[in-house]
Amino acid sequence: MCGIVGYIGKKQAYPILIKGLKRLEYRGYDSTGIALINGDTHIYKRKGKVSDLESVIQDENLSGTIGIGHTRWATHGEPNDCNAHPHASQNGKFIIIHNGIIENYDRLKEKLKNRGYTFESETDTEVLANLIEYIYMKGGKAVTAEIAVRMALSKVIGAYGIVVIAKDEPDMLIAARKGSPLVIGVGEGEYFIASDATPIIEHTKTVIYLNNDNVAVIKRNELVLKTIQNDELIPEVQELTMDIGAIEKQGYDHFMLKEIFEQPQSITDTFRGRISLDLSEIRLGGLFDVMPKLEAAKRILIVACGTSWHAGLVGEYLIEEFARIPVEVEYGSEFRYRNPIITPEDIVIAISQSGETADTLAAIELAKQAGATVLGVCNVVGSSIPRETHAGVYTHAGPEIGVASTKAFTAQVTVLTMMALMLGHRKGILPDKLYRELIKELVAVPDKIEKILKQNENFVKIAELYKDATNSLYLGRGFLFPVALEGALKLKEISYIHAEGYPAAEMKHGPIALIDKNMPVYVLATKDKSYDKIVTNIQEVKARNGIVIAVVTEGDTVIKGIADHVLEIPKCHEAIAPLLTVVPLQLLSYHIAVMRGCNVDQPRNLAKSVTVE
Ligand code: G6P
């Protein structure tokens with residue numbers, strides 16, 4: 001939600017900022033802005049994407065070795081030029097970019113209005129800029145820019161990642177974080193600031209992640225880290241392991257397509273080093289310390305949002321099946337506000353690609369307060385959730401840039417499968433033979449996905465037939481019900497076609513009324529214990545002239561005889577099927593969205609990382 005970049009050093013800031021913003025555009029793309037220090041301060045901003053801003057300011061003098069940039073996902077105020085960041089304070093003393101929400105902005109705004117401040121935008125960010133300036137100007141010589149920023153932040157309720165330019169101290173940037181992520185890249189006589197490491201990686205691999213309540217005062221050759229209360233801190237310098245190739249399209253038309261095709265590799269990376277070479281054992285090092293608690297757990301709560309919630313639902317089915325521990329799957333946003341029952345014996349698993357989702361983070365906080373043991377299943381290394389949880393497992397899917405999640409989902413399901421199998425085996429519930437068979441099945445997944453990806457041309461043809469549908473239904477049973485939800489989410493997110501996922505048997509309690517000759521029904525119908533039932537569901541759709549596109553196990557002739565189209569996946573155990581069946585659905589959604597002319601990597605109104613509630 002909103003991308004932030006900053007640069008201070010000897011190089012020209014503008015090209016670094018623009019490139020950085022393009023890398024962060026997946027976080028929001030409602031408007032873009034840049035501020036540069038070049039003798040004076042200059043702000044350029046406009047509604048639209050980074051490229052829109054670039055084209056209108058190309059003839060300006062954009063020199064300067066210090067600057068900040070922002071790409072916005074609107075919260076307060078519609079996306080327009082005026083609400084775009086950076087925001088300057090009334091007297092131009094401070095310029096600020098902000099990711100997050102200042103919850104008490106209206107009260108602060110009223111107070112500032114009573115002191116003569118007027119506001120140009122509808123944003124909470126302009127309020128913060130003016131608050132800093134008010135404190136600075138009122139304080140006289142004793143109050144430096146840094147003190148004014150810290151004092152203003154102590155009055156703020158809400159979440160923020162900010163970078164501030166102070167006109168009177170032009171050789172400095174101030175960055176601060178509470179809730180919204182910020183990372184600082186450390187170079188030779190230069191520093192890079194960003195919402196995540198992707199804009200930094202091509203410049204330096206040495207980084208400092210800001211923690212909540214941290215303020216960094218950054219000059220070309222010096223970084224001083226403090227708390228908002230002015231206690232000096234020793235920065236923890238870390239090395240990034242990410243590779244630049246991982247954040248480039250590498251010949252693919254879209255990041256989403258690249259990420260779908262990366263799944264054989266990303267799943268391999270997820271289980272690499274965690275499955276013994278003789279395929280007899282799963283070891284999740286990150287859970288080692290909490291294993292006794294996990295084995296003794298009477299209940300597991302999974303909290304997540306969006307696609308990660310769907311992975312959590314697969315996790316519920318897997319853990320209950322193999323480890324016989326009751327599992328409840330919760331939306332972070334509901335959990336945090338509904339007074340849930342949490343006990344110190346509970347294990348809470350938070351699942352998140354970004355590790356920054358505000359609702360999931362708040363759910364973690366609640367669970368910790370109640371004394372539960374909280375585990376994280378996250379993709380972004382060093383993000384907030386892994387730092388806020390007691391233990392966890394990284395998914396290691398590599399950077400996911402496409403807003404619609406694909407490889408992160410299959411990586412999450414891979415981790416949850418490993419957890420379920422390992423737990424079941426350790427508890428003596430999952431027999432040794434089946435444990436080993438399932439490990440073998442899991443390790444075979446990357447090759448099986450390769451086979452599915454080879455059918456891509458077939459998916460293009462089917463997409464062509466149904467790209468103009470206005471509604472679609474996705475049906476699945478058992479392990480494949482969450483995949484039906486995920487398939488529907490993929491289609492609506494990127495193609496804007498209304499789609500619903502349903503447990504196949506529930507169709508007769510409502511959605512069946514929608515079925516007619518124009519309604520494509522995607523049915524997950526692989527060979528498993530509910531196969532006969534799902535065949536009946538397909539017949540029910542056909543009896544009402546619906547169009548059936550069925551994902552089936554290769555060689556299935558029964559469904560081939562009834563359905564309009566079949567998409568084959570290689571044979572597998574039913575518990576492994578979510579990892580395979582989701583791939584054709586991802587590809588179909590992708591092709592349909594491309595054919596409809598949609599912006600696949602940056603769908604309207606969405607953002608990759610939702611750091612506001
Ligand atoms: C946003 C993204 C989704 C994602 C969800 C949860 O809505 O667009 O793709 O599934 O947030 O994000 P997380 O990073 O916590 O998995």
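I302 has I349 of strand 18 standing opposite it. Keep that pair in view as you work through the exercises. The model is predicted, so local features need pLDDT of at least 70 and side-chain atom pairs count only at pLDDT 80 or more, while totals for chains, interfaces and linings use all residues. Residues are numbered from 1 along each chain as its sequence is written, and side-chain values use heavy atoms, with hydrogens and water left out.

**Exercise 1.** Find which strands are joined to strand 16 by bridges.

*Solution.* Start with the elements: helices (H or I, at least four residues) and strands (E, at least two) are DSSP runs, numbered from the N terminus. Two strands pair if DSSP finds at least two bridges between them. Next, look at strand 18 (residues 347-352): four bridges join this strand to strand 16, and the two run parallel. Then turn to strand 17 (residues 327-331), which is parallel to strand 16 and joined to it by five bridges. Here I302 stands opposite V329.

**Exercise 2.** Decide whether the two faces of strand 16 are covered or open.

*Solution.* Buried means under 20% relative accessible area, exposed over 50%, and partly exposed in between (1.4 Å probe, protein chains only). Take one side: I300, I302 and A304 are buried.

**Exercise 3.** Describe the surroundings of the ligand and its polar contacts.

*Solution.* First, list the shell, using a cut-off of a heavy atom within 4 Å. The ligand is surrounded by 13 residues, with S308, S352, Q353, S354 and T357 the closest. Helix 9 (residues 306-323) gives the largest share of this shell, three residues.

Second, check the polar contacts, which are pairs of N or O atoms within 3.5 Å; within protein, one must be able to donate a hydrogen and the other to accept it, and residues adjacent in sequence count only if both atoms are side-chain atoms. Oxygen atoms of the ligand lie 2.5 Å from a polar side-chain atom of S308, 2.4 Å from one of T357 and 2.9 Å from a polar backbone atom of A607.

**Exercise 4.** Work out why S276 counts as buried.

*Solution.* Locate S276 in the loop between helix 7 (263-271) and helix 8 (291-296). Its relative accessibility is 10%, so S276 counts as buried. Finally, a polar atom of the S276 side chain lies 3.2 Å from the backbone nitrogen of S280.

Notes: Right-handed = clockwise from strand over helix to strand, strands pointing away.
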